[in-house]
Amino acid sequence: MSHRPRSGLAAVSSALLAMSRHLEVRDVLKTIVASARELLDAQYAALGVPDDHGGFAQFVVDGVSDEQWKAIGPLPRQHGILAAMLHESRPERLADVRKDPRFEGWPAAHPEMSDFLGLPIRDGDEIIGALFLANKNCPKPEGRCGFTEEDEELLSILAQHAAIALTNARLYERSRELTIAEERSRLAHELHDAVSQKLFSLRLTAQAATALVDRDPARAKGELHQVTRLAAEAADELRAAVVELRPAALDEDGLVATLRNQVQVLDRAHSARVTFASTGFRALPAAQEEALLRVAQESLHNALRHAGAEHVDVTLGRRAFGAVLRVTDDGSGFDPRTVRRAGRHLGLVSMRDRASGVGGRLTVESAPGKGTVIEMEVPGG
């Protein structure tokens, strides 16, 4: 490394910093692959995380378009050169991967590759992944690999740090899963208490209506109206719980689609008009998208259940330095200072914590009778 130009050392430093910046496993994998391809000036890069069934739990590529990747088909199996990286635990540097006796071909849509550099990513004695590079952008003497011993050394350093970043990301996701499990348990208890109380009141009111229907029809009618109201409140409690317990949709649909679906559910469930619009929003790391979703849910809950809003607008878009969520309602509003002194935060403390936890900020504009605007901005997007 001593004879590499200073710009090379700066590139290594940037790559390591980029890897340590992310906490989600998928984001870490993408950063490792992109950093490796840029650092070694290769046309293609890939990183595979093995499963326990001869395939890959995750396989991330860089240098291949989305259209190409879809055309290639299912994730590869652990065979040929890929298996060698995972099972023989040694680096491989080849002048032409297609001429190696272990080469078993690839799908028709797969890009052509020649010179190849690959090595395992190790966490102690365990191989937790394999990193592959192909087609170095340089002149290649006949029968010689474009990747050098120096490239192999550099990739080995990157792989060591990749192992640390990947392990940390896995620990973070495991910790978050435990937190989510605790949150689901808490919500289940709250749901049980709230709905049980509503159903108990519903039963007593229905019994009162039954007793009154013959001797006092007018009072019985009033009790039946109460039954209708209690049933609607119980339904609202259930809908709110279902919405809050479905953040997994983020992984499949992304934030825009998830928010749009939840707004549509709330628009149908409430008399208020609830709308959603998104312009220019780009995908964010999972932690940021989850924080934005939770703040939107809390803001919608406050507007519909506490503020008596007739119109609630949710927008998601971009600003110069990041993404911004804005929830506006025409409800009763409040004085944020009075709310803070009274100890009734309407979820504002948890919303601020969620925003700051992902490097963002939350602003609240409200006044009695003037509605409320809650805005959350996060970097990126």
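Select Phe56, Phe59, Trp69, Phe116 and Phe132: ring pairs link these residues into a cluster. The model is predicted, with local features needing pLDDT of at least 70 and side-chain atom pairs pLDDT 80 or more, while totals for chains, interfaces and linings use all residues. Residues are numbered from 1 along each chain as its sequence is written, and side-chain values use heavy atoms, without hydrogens and water.

Rings of Phe, Tyr and Trp (its six-membered ring) pair if their centres lie within 6.5 Å; planes under 30 degrees apart are stacked, over 60 edge-to-face, and the rest tilted. A search of the whole structure returns 5 aromatic pairs.

Next, display Phe59 with Trp69, a stacked pair with 6.2 Å centre to centre and 5° between the planes. Phe59 belongs to strand β2 (residues 56-62) and Trp69 to helix α3 (residues 66-72), so that the pair links distant parts of the chain, 10 residues apart. Helices (H or I, at least four residues) and strands (E, at least two) are DSSP runs, numbered from the N terminus. Phe59 is buried, at 9% relative accessible area, whereas Trp69 is partly exposed, at 26%. Buried means under 20%, exposed over 50%, and partly exposed in between (1.4 Å probe, protein chains only).

Then move to Phe116 and Phe132. Their ring centres are 6.2 Å apart and their planes stand at 35°, so this pair is tilted. Because Phe116 lies in strand β4 (residues 116-123) and Phe132 in strand β5 (residues 126-136), the pair ties together parts 16 residues apart in sequence. Colouring by accessibility shows Phe116 buried at 7% and Phe132 buried at 5%.
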